[in-house]
Amino acid sequence: VVKPEETHLEQPTGVNYNNRKGYTQKFLGASVPVPLPQPSENLIPDLATWGTHNENTVLPYTHFSVVMHAKRRLCIFSAVNINGKKSVAVKGKRPKWRYDNRIPVSQQVLKECYGLETEGRFSHGHMTRREDPNWGTKTAVVQANTDTFHVTNACPQMQPFNAGIWNGLEDYALQNARQDDM
């Protein structure tokens with residue numbers, strides 16, 4: 001028997017992330033850089049690391065980046081570049097949630113807290129929401145949309161809260177970016 005929360009996760013795959021550039025701090029122009037937040041010194045030993053020598057703490061995806069807490073197995077923060085001029089709405093079936101094979105599965109939340117709300121479980125809350133990084137070429141849009149469904153980009157959320165006022169605020173920001181070609 002497969003429980004509902006088990007159907008949302010895929011095992012790590014051989015995904016090649018080499019073409020993921022992530023969040024760009026000079027997205028608004030060289031004269032207006034917006035750097036990623038810097039974790040405090042006491043938090044640095046707890047960051048998930050990856051790379052040949054485990055030298056990287058920022059996980060770049062298509063148009064956004066994530067920093068993970070290795071012990072808590074959750075995203076500390078994400079940052080996204082939104083291009084309202086090239087923004088594309090993605091329709092159809094949502095991708096399945098998946099692990100990121102750059103960091104150990106043991107540093108990513110599995111199914112422990114996700115599932116049916118009636119069973120006291122949480123929904124996957126996108127840190128960078130699905131629609132925000134979806135801009136550019138068709139290939140980039142599809143890749144960005146799929147990238148947002150990594151468990152590294154999720155935190156537990158109460159669906160009624162997220163579906164209400166918070167979702168309205170997110171929609172308002174993106175719709176105005178599109179309307180103003182920003």
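A disulfide is a pair of cysteine sulfur atoms within 2.5 Å. By this rule the chain has 0 disulfides. Where that leaves its cysteines is taken up below.

## The model

This is a predicted model, in which local features need pLDDT of at least 70, side-chain atom pairs count only at pLDDT 80 or more, and totals for chains, interfaces and linings use all residues. Residues are numbered from 1 along each chain as its sequence is written, and side-chain values use heavy atoms, with hydrogens and water left out.

The predictor's confidence in each residue is its pLDDT, from 0 to 100. The chain averages 84. A score of at least 70 is reached by 77% of the residues. Over residues 1-9, pLDDT stays under 50. For that stretch the model has 18 contacts (heavy atoms within 4.5 Å) beyond four places in sequence.

## Overall build

The chain has 2 helices and 7 strands. These are DSSP runs, numbered from the N terminus: helices are H or I with at least four residues, strands are E with at least two. From the N terminus, the order is β-β-β-β-β-β-α-β-α.

How much of the chain is buried? Of its 182 residues, 38% count as buried. Buried means under 20% relative accessible area, exposed means over 50%, and partly exposed lies in between (1.4 Å probe, protein chains only). The accessible surface is about 10600 Å². Carbon and sulfur atoms hold 55% of that surface. Such areas come from the Shrake-Rupley method with a 1.4 Å probe; for residues, only the protein chains shown count as cover.

Residues 24 or more positions apart account for 74% of them.

## The nonpolar cores

In soluble globular proteins, nonpolar side chains tend to be buried together. A nonpolar core is a set of buried Ala, Val, Leu, Ile, Met, Phe, Trp, Tyr and Cys residues joined through side-chain atoms within 4.5 Å. The largest one here has 12 residues, including Tyr17, Trp50, Tyr61, Met68 and Ile103. Strand S3 (residues 64-69) gives the most to this core, with 3 residues. Apart from it lies another core, of 8 residues, among them Tyr99, Cys113, Phe149 and Ala154.

Which residues does Tyr61 touch, beyond its neighbours within four places in sequence? Its partners include Tyr17 and Val66, along with Arg20, Asp100, Asp147 and His150.

A disulfide is a covalent bond between the sulfur atoms of two cysteines. Cys75 and Cys155 both belong to the largest core.

## Salt bridges

How many salt bridges does the structure hold? There are 5. Each is a side-chain nitrogen of Lys or Arg within 4 Å of a carboxyl oxygen of Asp or Glu.

| Pair | N to O distance | Relative accessible area |
|---|---|---|
| Asp147 and Arg20 | 2.8 Å | Asp147 0%, Arg20 10% |
| Lys71 and Asp46 | 3.1 Å | Lys71 65%, Asp46 17% |
| Glu131 and Arg129 | 3.7 Å | Glu131 31%, Arg129 6% |

Start with Asp147 and Arg20. Asp147 lies in helix H1 (residues 138-147), and Arg20 lies in the loop between strand S1 (9-10) and strand S2 (58-60), so the pair ties together parts that are 127 residues apart in sequence. Asp147 is buried, and Arg20 is buried as well.

Lys71 and Asp46 come next. Lys71 sits in the loop between S3 and strand S4 (74-80), while Asp46 sits in the loop between S1 and S2, so this bridge joins parts 25 residues apart in sequence. Lys71 is exposed, whereas Asp46 is buried.

Arg129, Glu131 and Asp132 are linked in a network of salt bridges.

## A proline in the S1-S2 loop

Pro37 also has its place in the loop between S1 and S2. At 45% relative accessibility, Pro37 is partly exposed. Its C-alpha atom is 9.0 Å from that of Ala79, a residue 42 positions apart along the chain.
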